[in-house]
Amino acid sequence: MQPKVHQGLLNAQGFRFALVVSRWNDFLTSKLTEGALDALERLGADEDAVEIFKVPGSFELPLTAQKVAASGDFDAVICIGVVIRGETPHFDYVAGEAAKGVGQAAMQTGVPVLFAVVTTDTLEQAINRAGVKAGNKGFEAAMSAVELVNLYKEMDGGEDASGAKKKAFPHVV
Ligand code: INI
């Protein structure tokens, strides 16, 4: 069997990206933001391709991401936050609402909305996921964003000579 495999290239050129960044645990969300910008730059994003929207905490990521995605100005939205169980009595509410809402923003707008929210039991684990021992979740989410925008560009088929959308996958809504 020889299945046809579809997967996005890692080329950010010509695409526009929004980062929605939580100010809570700013010393870590700033590292995740740096990681995301580093990935986008390395994958060839244009100089003016990125805009950043700051919000108070991770709970506020979903609605902001939805508004940004619905604006039509961006090919992908990357949500960045840090929620640490040890410091957050309402950890499950904040982390749960952030995860659910970010997913809904993507489903409701059709724009890829990436989840670069670090949810950990301890501060040390969070630090490790923000560029120390366990990679940088912002960098990884930006890579995924670039892969998805390329995949969806292929699936949407781009435009024909008259500028009309030509769908490569008419059965995909
Ligand atoms: N927001 C976070 O992003 N991370 C946290 O660890 C956190 N803690 O610890 O409470 C947090 N709370 C704020 C929350 O996201 C909202 O901004 C706030 O409840 C106002 O709606």
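Guide: On a 1 Å grid over the protein atoms alone, a pocket is an open set of points where a 1.4 Å probe fits, with protein on both sides within 12 Å along at least five of seven lines; lining residues have an atom within 4 Å of a point. Grid points are joined across faces, edges and corners, and a volume is the space filled by probe spheres set on the points. This is a predicted model, in which local features need pLDDT of at least 70 and side-chain atom pairs count only at pLDDT 80 or more, while totals for chains, interfaces and linings use all residues. Residues are numbered from 1 along each chain as its sequence is written, and side-chain values use heavy atoms, leaving out hydrogens and water.

Visitor: How much space lies in the second largest pocket, and which residues lie nearest its centre?

Guide: The second largest pocket holds about 180 Å³ of space. Its lining has 13 residues, with Trp-24, Gly-57, Ser-58, His-90 and Val-94 nearest the centre.

Visitor: In what order do the four strands stand in the sheet?

Guide: Strands of a sheet pair through backbone hydrogen bonds, either parallel or antiparallel. Strands here are DSSP runs of E, at least two residues, and helices runs of H or I, at least four, numbered from the N terminus; two strands pair if DSSP finds at least two bridges between them. The order of this open sheet is S2-S1-S3-S4, with parallel pairing. Strands S2 (50–55) and S4 (113–120) are at the edges with a single partner strand each, so one side of each has no neighbour in the sheet.

Visitor: How many bridges join the paired strands?

Guide: S1 (residues 17–22) pairs with S2 over six bridges, and Val-21 stands opposite Lys-54 in S2. Five bridges join S1 to S3, where Val-20 faces Cys-79. S3 and S4 are joined by eight bridges, and Ile-78 stands opposite Leu-114.

Visitor: Is S3 enclosed or open, and which way do its residues point?

Guide: Buried means under 20% relative accessible area, exposed over 50%, and partly exposed in between (1.4 Å probe, protein chains only). Nine of the nine residues of S3 are buried, so S3 is largely enclosed by the rest of the structure. Ala-76, Ile-78, Ile-80, Val-82 and Ile-84 point one way, and Val-77, Cys-79, Gly-81 and Val-83 the other way.

Visitor: Where is Asn-25 placed?

Guide: Asn-25 is in the loop between S1 and helix H1 (26–42). Its phi is near 60°, a positive value in a residue other than glycine, and Asn-25 is buried, with a relative accessible area of 13%.
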